[in-house]
Amino acid sequence: MNSFLSILWKEIIHIKRERRIAVIVFTFPLIMTILYGYAISFEPKNVPTGLLDFDNSTKSRELILSLSSSKYFIIHRVSSTDEIYRRIIQGEIKCGIVIPPDFSRKEKMASIQVIIDGSDPNLGKGILKNIQSFFIPSQVNTRFLFNQRMVSSNFYVPGIIVVLITIIGVIITSHSIVKEKEQGTFELLSTTPVSSTSLILGKILPYAIISLIDVFLITGFARLIFSIPVRGSLLSLFLNTSLFLLPTLSIGVTISTLSKTELTALFASFIIITLPSILLSGFVFPVENMPGWLQIVTQFLPATHFLKIVRGLFLKGINFFPAEGFTLLGLGFLYASIAIVSSGKRVK
Amino acid sequence: MQSSNEFIIETFDLTKRFGDLVAVSNLNLRIKKGEIFGFLGPNGAGKTTTIRMLCGILLPTSGTGIVAGYDIVKEPEKIKSKIGYVSQRFSLYQDLTVYENLYFYAHLYGITGGEAKKKIEKMIEIAGLKGREKALTMHLSGGQKQRLALVSALIHEPEILFLDEPTVGVDPITRKEFWDILRGLADRGYSLIVTTHLLDEAYKCDSLGFMHRGKLLAHGTPDQLTENGKHTLEETFVRLVKGNE
């Protein structure tokens, strides 16, 4: 216990004296939240659109006016279908709309031709959806729950919390251990009677607390800047974050005990945890759309489960997540055991 | 001290292999209590590997040794409170002050409260760092850092002090001062194991071991190895190395 407290005390002094850590901990989340919050959006807006009007009637002009006054399209008049194809190939426009000569005469079955650049399928579908909304009178009475206005930042910003905490947690934990190896202080520590368990616990506890503070910091930013709803309780956020930190920081410890230099540790963290947490956790691509074997892989990422928790807590106001909570606890046990075994072998 | 044996360190066919490389081969060493033992040999001779095994931080491939009464294979953790270690590289925390480094190591060894305070003050005095307690370690001179590393390893009053090339990159005057401190410690009953490849330092040791390519080629007092001054140590070692090649 005594040696654990000594390590903890020393680590707090390091944090107080190293300005880099303060920068990572406090400005990094703010910048990232703003960058990602604005950048990640799958709503196609201001799409350059070629428009060919063969009808040239009051009705068609009304349609064009409503298209161009919406935030979705920027209308470029074109003179032929060939021009639409040519300009799509050149990348000047993303889609083309052709209004047929009989547009104003046919009441119900007016057939509009739409040509869309399908090289980015998500963007293409989004554009199509927006165009359709101008024509098909809605017969399906739809109501979106939880995110009524379908604001994509409401969905993505909680995900950013998960990704950022994963990155910060893993990187600063592995930094704190590998730095001691590089500076040779670890060798000296290993000649003292300190056990690897109190060494590692003493080293990660301060960073666990910092990560917890960061969760609340990012939540605050998200509320202020993007008006993200936080419908669940903050206590539940605190408890679930703690559950998430155990497996995540354990991975950071394992990486750092197996790496000799900070560069190796950074690179390993990127490949093993950062990239999968962004691509496979459901942050960007839904886990349900992945092939079965990959879905199994995603279950071993703490971020996958924490993402469900954070989204449920923010958007749906759920406070209890027994399934995800137990899974995180299990993963925590698994990764902490790996961390203790690997550090026992390599550190000593 | 646990052992009534006059040897503080004894090894029995101590061997360490890293893959195909035999770093230390069938080493049989005996080091007496309260003496300065000089471990000599060129770089890569196996001195550091041997010291790491004796400190209990590296397991031997075969053979064993008794350090301060404990077996290095069976009880490496028990050895750790009996030894102090000063490594080749300066390995205290540069962003901690002199006092904080000593405070940290005192607490790691379970020394707390008033006892810790007294010991830290004593160590600062031995190191000649009075008045520099609040200085960040990174701002100390080379000699001051080296003395701080030495007293950090002494704070728990170990029986044995291991020093791995402690005077590398230090000017001659500072080196002499450092050896005066080491001699003072030996006079007070500490056993010191010092690795070096500087022959002038070898003459200051009570006994010597000369290693080359993992083997102990010679073991004895400087007088024995030079046949009471008939040869220099250098001549002796050149002859031994040629015989081993």
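Guide: Let's begin with B:Lys145, which lies over the face of B:Phe90, 5.6 Å from the ring centre. A charge sits over a ring if NZ of Lys or CZ of Arg is within 6 Å of the ring centre and within 35 degrees of the ring normal. This is a predicted model, where local features need pLDDT of at least 70, side-chain atom pairs count only at pLDDT 80 or more, and totals for chains, interfaces and linings use all residues. Residues are numbered from 1 along each chain as its sequence is written, chains are lettered from A and ligands numbered from 1 in the order in which they are written, and side-chain values use heavy atoms, leaving out hydrogens and water.

Visitor: Over which ring does the charged end of A:Lys59 sit?

Guide: Here the charged end is 4.7 Å from the ring centre. The ring belongs to A:Phe103.

Visitor: How many aromatic pairs does a search of the whole structure find?

Guide: Rings of Phe, Tyr and Trp (its six-membered ring) pair if their centres lie within 6.5 Å; planes under 30 degrees apart count as stacked, over 60 as edge-to-face and the rest as tilted. Over all chains, the search finds nine.

Visitor: What kind of pair do B:Phe37 and B:Phe39 make, and why?

Guide: Their ring centres are 5.6 Å apart. The planes meet at 70°, so the pair is edge-to-face.

Visitor: Is B:Tyr105 buried or exposed?

Guide: Buried means under 20% relative accessible area, exposed over 50%, partly exposed in between (1.4 Å probe, protein chains only). B:Tyr105 has a relative accessible area of 2%, so the residue is buried.
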